[in-house]
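Here are my notes on the model, point by point. Please keep the coordinates open while reading.

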Amino acid sequence: MIPSLIKCIKAIYLGFSFPRLSHILFGGFALMGIFCPLLSQAKEASWGTEEILKRIDRAIEGKTMLRTRYEAKLQNLKSKANKETGKERIQTYQQIFRAYAHFQSDSALAYLNRIEESADLLDKPSSLRQWITIGRAEVYGIMGLYKSAATLLEQVHIQAEDKFLRLYYYQVARSVYGWMADYGEVGENRKVLQQLTANYRDSILLVETNATNRAIVQADKLLNEGALQAGKELCLRTLSHADSLQHVYLFALLADLSEASNNHDDYLHYLSLAALSDLERGVTEYRALQQLAAELSERGDVSRAYTYLLCAMDDANFCKARLRSFEATNVFPIINGAHKEQLQTRQTITSVIVVFSVVIVLLLSGFIVLLRKKMRQLSHARQELTEALVAVREVNAALLEMNEKLSTADKVKETYIARYLQRCRGYIDTLDEYRRELLKLAKAKNYAHLMERLQSAEQLVQEEQSFYADFDEAFVTLFPKFIDNFNALLPEQAQVHPKRDEILNTELRIFALIRLGVTDSNRIAHFLNYSVPTIYSYRSRLRNKSLLDKNAFDEAVLSC
């Protein structure tokens, strides 16, 4: 039912495809450089419909900014008018009137009044007063005051030589009588008004000299006469050389021609272009966006249609354009109903989704509770396993340490046993050789030399040095990092280093014996051929200089 109602309402629009199209041409082009966006000649026609609709969405979102920009440009004109006098000021007032006519109708009337107050300053005040009357009739038509507009038009008497004023009169008369035919009268009176509209359209064609403007009015005539294909071809040809403002009218005409031809895709495309152009121009009196809302509603895009219609109604109220408010009011109940129905459907779907989500959440909650219970069990088992693994690692570490100590001890035993046996064998050989030498001296009765050999300690010293060198070499082979590790226990100034020709010195040799497990000072003194106090002195001095306390130092030496 809703699509059929929309069809009925849209059928109302077809009778006056361009009631406001041609009357804005007079005087409007002087402001195009100020109030019209600089669109390319045909680029916008190549955009996809969805892209255009998205641009419209963004334009509506930024409508406040567009309106502020439009008002700022109007303010520039007002500032310019305040600095001017006489004819120049009136001309600027006329520009401001043209800008306000389709932006804020009461302001347009206010500037007409200002012009009227200054009419006596011009050379031809009567001609200017005629223009003021036509302008007032135009604004009354926009505001929906058709009878008042028609009465004003009847008061106008234009001389034949004033072509520009006649063209303006024909444009406004064509619009006003077209609006009256569509909205104000029925029956025979409506037919009379439709004929008047056609007559004034023909009059425009007789007076209009701009080729593009003539093509626009001619295409409008072809549309009303049913020559749809010819009208479309004319519009498409005209697009290539039309300016920015003329593009708006051509897009609107192409939209009406496409709908009359039942080409709904082209209708939507060109109607979208016309609506976008209106929004970007910053004007607030237009009809394309309302028609676009109706078309989108019929296509099922109710949310977007609702937004567009609210925008159109807001702009119509701002402009005080009762005609556009009336059009929007007719369509609003239909789109609003569809919008509410869509919202209700969405609410129902949302409710179902919420219920379903709650069920899912409950199921997930139960699953999570079970999962957490299992996870806690697994966590407990994992913790026990971790503790067991830690205990195993500790046992393994202890075993490795013990094995390393045993291995080191075995290595020490093997090394020193082998060297001990070798050293013992060497001592036996040395004693035997020494015995033989002494025996020879005794047989030779060389008692003086014999006594000299017996009294000399040189050989004893050599053997002792050889013994210590053999010990040092064996120890360093077993513990190559002993000196560095031992010095790490001492401050730098107290560290012990052997001389260049030494492997270990006395101090290092004492602690080397301790590293091997010989901790008794008596045994160390006997081994190194020192007194016990000397050994004790060495040990105490280094222990006191250590970075550790005494007990920790002794334990650390055993690990060097």
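1. Aromatic pairs come to 21 in this predicted structure. Rings of Phe, Tyr and Trp (its six-membered ring) pair if their centres lie within 6.5 Å; planes under 30 degrees apart are stacked, over 60 edge-to-face, and the rest tilted. One of them joins Tyr170 and Tyr200: tilted, 6.1 Å centre to centre, with 40° between the planes. This pair links distant parts of the chain, 30 residues apart. Tyr170 belongs to helix α10 (residues 163-184) and Tyr200 to helix α11 (residues 187-207). Helices (H or I, at least four residues) are DSSP runs, numbered from the N terminus.

2. Are these two tyrosines, Tyr170 and Tyr200, buried or exposed? Tyr170 counts as buried because its relative accessibility is 16%. Tyr200 counts as buried too, at 14%. Buried means under 20% relative accessible area, exposed over 50%, partly exposed in between (1.4 Å probe, protein chains only).

3. Phe475 and Phe482 make an edge-to-face pair, 4.9 Å centre to centre and 85° between the planes. Both Phe475 and Phe482 are buried. They also belong to a cluster linked by ring pairs, with Phe467, Tyr468, Phe471, Phe479, Phe486, Phe511, Phe527 and Phe553.

4. Arg114 places its charged end over the ring of Tyr111, 4.6 Å from the ring centre. The test: NZ of Lys or CZ of Arg within 6 Å of the ring centre and within 35 degrees of the ring normal.

5. Look next at Ser546, in the loop between α24 (532-545) and α25 (550-557). Ser546 counts as buried because its relative accessibility is 11%. A polar atom of its side chain lies 3.0 Å from the backbone nitrogen of Leu548. Leaving out residues up to four places away in sequence, Ser546 touches Leu489, Leu490 and Phe553. Contact means heavy atoms within 4.5 Å. Phe553 is also a member of the ring cluster.

6. On conventions: residues are numbered from 1 along each chain as its sequence is written, and side-chain values use heavy atoms, with hydrogens and water left out. The model is predicted, so local features need pLDDT of at least 70 and side-chain atom pairs count only at pLDDT 80 or more, while totals for chains, interfaces and linings use all residues.

Key: Helices (H or I, at least four residues) and strands (E, at least two) are DSSP runs, numbered from the N terminus. A polar contact is a pair of N or O atoms within 3.5 Å; within protein, one must be able to donate a hydrogen and the other to accept it, and residues adjacent in sequence count only if both atoms are side-chain atoms.
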